[in-house]
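My entries follow in the order in which I made them.

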Amino acid sequence: MRRLAANQKGGTLVYVLVVLVVLSLTIAGMLQLSLMSVNTGRFEEQRRQALAAAESGIALAQAKLAAGVSIPRTVYPSLSASIDSAGANWIGPGTGLMPSELSLGTPTSFRVWVSEPAENRTIVKAEGRAGGRTRLVQVTLRPHGSNLRFLVSATSTQPWGITLNGSGNITGDMHTEGLTSDAVLTNGSLFADGALRVRPEANVEGIRNRVKEHFESVEVDPEEYEYPLPVSPAGLPYRGKLWANGWDPVNISQSGEYESFLINGSCDFNVDATAADVVIHVKDDFTINGSVKLNIIGSHSFRLYVDGDFTWNGSTKGAALEDPTKFVVCCSGDRVVVNGSPSLAAVIYAPGSDVVFNGHGAFTGVVVGRKITYNGSGNLVFPSGEYADKIRDLDLGVGNSPPVIEAGSWSEIAPGSN
């Protein structure tokens, strides 16, 4: 009996040892799996952080380019990046460390390579690092069209965005956001000495078939454009209402805010812009009636912001036709109307207004409107060359748009590849 009990104790000990070994192996395996899971989670987290860092570098490059900051141009994989969040000169010589508010925190960083523009496109590659992980992405930036890319633009996508009636003459290119075949309506013998530019998604052939006899060509423009409403400057001195009637001249030499603005009769309208631009904000309608001659004196300009409608009637004589930038009209009302036989040079920026020309006057400059209608036998001239460049440089108070990422250009590439 004693020998049997001893054998049983020995067997129990062996069983316990086997169980302990199995448990140890099981626990070791579970710990190893747990450690692998933690490492995998850390690996994926660092990969996500590295990708976010790379895309932060892309966004920062876009913002700096839009702000006009001089960014060193270089090509990946050059050791000297255009932007280095951890570098001693983070965005070129003499710039020092990256500002702390832009930092992503240790151990996350990014480097960005911004190429020289080629065919109006810029290649940007950004490398993000987090822990031991690296992600490299590439995009192509293209400029976002300015609101004065074309000197005449109809912003409406609806039919008849541009209506051309009568027998007048038009010099220069025109642009429409219209999408249907009747985006442009043409009647009479009018001929535009220039191209009509249309959106890629528009019914290009339908538009071409309808207007080909009235334009030199109908061409697709691939860019996208924004037409934000103008914003009048704040803090202008309040001037009340202006109402003038008769022969006495109307003289303005200082900027100001007016409730309304009305001139009737036959007189000179003198704006003295010798010392600086004269900026007028009219909270209601701006109206000129009769034979009024606009004289802008000095080398600066007359800038007019109208919250209501802008109407210019009669045989008005305007600023010198050679330089439309002397008279800038920014309207956010429903209508801009030029009637009679005016001789006028101006920049009319009214993307939410219907713009109508009636009569047989001469107009030189810019027209941006929701819908544009031209009636009569006058002349519309949209300048080219020096004045076109000067017009596009105007600050209309609507801000600049950053360059945009071209659709389909985002890609992730292996570090070290080019």
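I count a contact when heavy atoms lie within 4.5 Å. The model is predicted, so I note the limits: local features need pLDDT of at least 70 and side-chain atom pairs pLDDT 80 or more, while totals for chains, interfaces and linings use all residues. Residues are numbered from 1 along each chain as its sequence is written, and side-chain values use heavy atoms, with hydrogens and water left out.

**Entry 1: F302 and K326.** I listed the contacts of F302, leaving aside neighbours within four places in sequence, and found F269, V271, V278, I280, L294, I296, K326, F327 and V328. I then turned to K326, which sits in the loop between β18 (310-312) and β19. Strands (E, at least two residues) and helices (H or I, at least four) are DSSP runs numbered from the N terminus. Is K326 buried or exposed? K326 is buried, where buried means under 20% relative accessible area, exposed over 50% and partly exposed in between (1.4 Å probe, protein chains only). Not counting residues up to four places away in sequence, K326 touches I296, G298, S299, H300, S301 and F302.

**Entry 2: strand β21.** I checked burial along β21 (residues 343-357): twelve of its 15 residues are buried, so the strand is largely enclosed by the rest of the structure. For pairing I required at least two DSSP bridges between two strands. β21 runs parallel to β22 (residues 362-374), with twelve bridges, and I348 has V367 in β22 as its bridge partner. β19 (residues 327-331) is also parallel to β21, over three bridges, with V328 opposite V347. Four bridges join β20 (residues 335-338) to β21 in the parallel sense, and R335 stands opposite D354.

**Entry 3: nonpolar cores.** I took a core as a set of buried Ala, Val, Leu, Ile, Met, Phe, Trp, Tyr and Cys residues joined through side-chain atoms within 4.5 Å. The largest has 75 residues, and those with the most contacts inside it are L196, I263, F269, F286, F302, L304 and F327. β21 gives the largest share of this core, eight residues. A second, separate core has 18 residues, including I71, M98, V137 and L141.

Note on methods. Lys and Arg count as positive and Asp and Glu as negative; His and the chain ends are not counted. A salt bridge is a side-chain nitrogen of Lys or Arg within 4 Å of a carboxyl oxygen of Asp or Glu.
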